[in-house]
Amino acid sequence: MAGHSKWSNIKHRKAAQDAKRGKVFNKLIRELTVAARQGGPEPADNPRLRTAMDKALGHNMPKDTMKRAIDRGAGNVDGDAMEECVYEGYGPEGVAVMVECLTDNRNRTVGEVRHAFSKCDGNLGTSGSVAFMFHRQGRLTLPEGVSEDAVIEATLEAGPDDIETLDDGTLEVVTSPEAYHEVKAALIAAGIEPEHSEIGLFPETMAPIADEEVARKVIRLIDMLEDLDDVQSVTTNVEFDDAVLDAIE
């Protein structure tokens, strides 16, 4: 099972990301709260909560902060009711954009999302306008030197969907959202610790961008959307030319 990375540079590199730690924490707290509210406070019985906790730990969130968010979601403390919503649209040059949100005010959120699209030569679309271009998957990027045979042996019973070879020769395991935690646990049990892992939306086809001006507009749109408090994640099918990214950075 081999292939190439369809998302190795979907998320552009941002040196200032660490400066947004407080905003990232707020988004993670919302996800922990909603996950606990929907599936209960026990990670063993709630895959979504396990995923949220893994992500929070990956960002070095204090365990006390995580516990407060989970307790709020489980109803042990008062908190505002949050709901999930997904917006779809097109960025410059027809780049497809999926915006996943958690909000206590849909009218405010859709207004802010629409404003970001319009400011960056994009358009907010209707439900289903670009969703068909994306699939929700688990992806686990493995350290250099791990062999495909070792991965197959470790994960055979867990049932990954695919094992892809990235451009740099490292491997990436693709799973369904349902099999993600079992596959990750099987890898770790075999002594293979993923360098990066997540469940998210991933595009089926890419939209290459080799023009620096267009790339700047797309990056501005992604930044504006990610900076919104209600936005949890932004996924696009853009594939920036490396030379363009180097020029921008």
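Predicted model: local features only at pLDDT ≥ 70, side-chain atom pairs only at ≥ 80, totals over all residues.
Side chains of opposite charge can pair when their charged atoms come close. In this structure, 13 salt bridges were found.

Arg48 and Glu84 form a salt bridge through their side chains, with an N to O distance of 2.8 Å. The two residues sit in distant parts of the chain, 36 residues apart. Arg48 belongs to helix 2 (residues 47-58), while Glu84 belongs to strand 1 (residues 83-90). Arg48 is partly exposed, at 24% relative accessible area. Glu84 is also partly exposed, at 37%.

Asp121 pairs with Lys217 in a salt bridge, and their closest N and O atoms are 2.9 Å apart. Asp121 has a relative accessible area of 47%, so it counts as partly exposed. Lys217 is partly exposed at 31%.

Glu172 and Arg139 also meet in a salt bridge, at 2.7 Å from N to O. Glu172 is in strand 6 (residues 171-175) and Arg139 is in strand 4 (residues 134-141), so the bridge ties together parts 33 residues apart in sequence. Are these two residues buried or exposed? Glu172 is buried, because its relative accessibility is 2% and buried means under 20%. Arg139 is buried as well, at 3%.

Salt bridges also form a network. Its members are Arg30, Asp104, Arg108 and Asp230.

Methods
Residues numbered from 1 in each chain as written. Heavy atoms only, no water. Salt bridge = Lys/Arg side-chain N within 4 Å of Asp/Glu carboxyl O. Helix = DSSP H or I, 4+ residues; strand = E, 2+ residues; numbered from the N terminus. Buried < 20%, exposed > 50% of the residue type's maximum accessible area, 1.4 Å probe, protein only.
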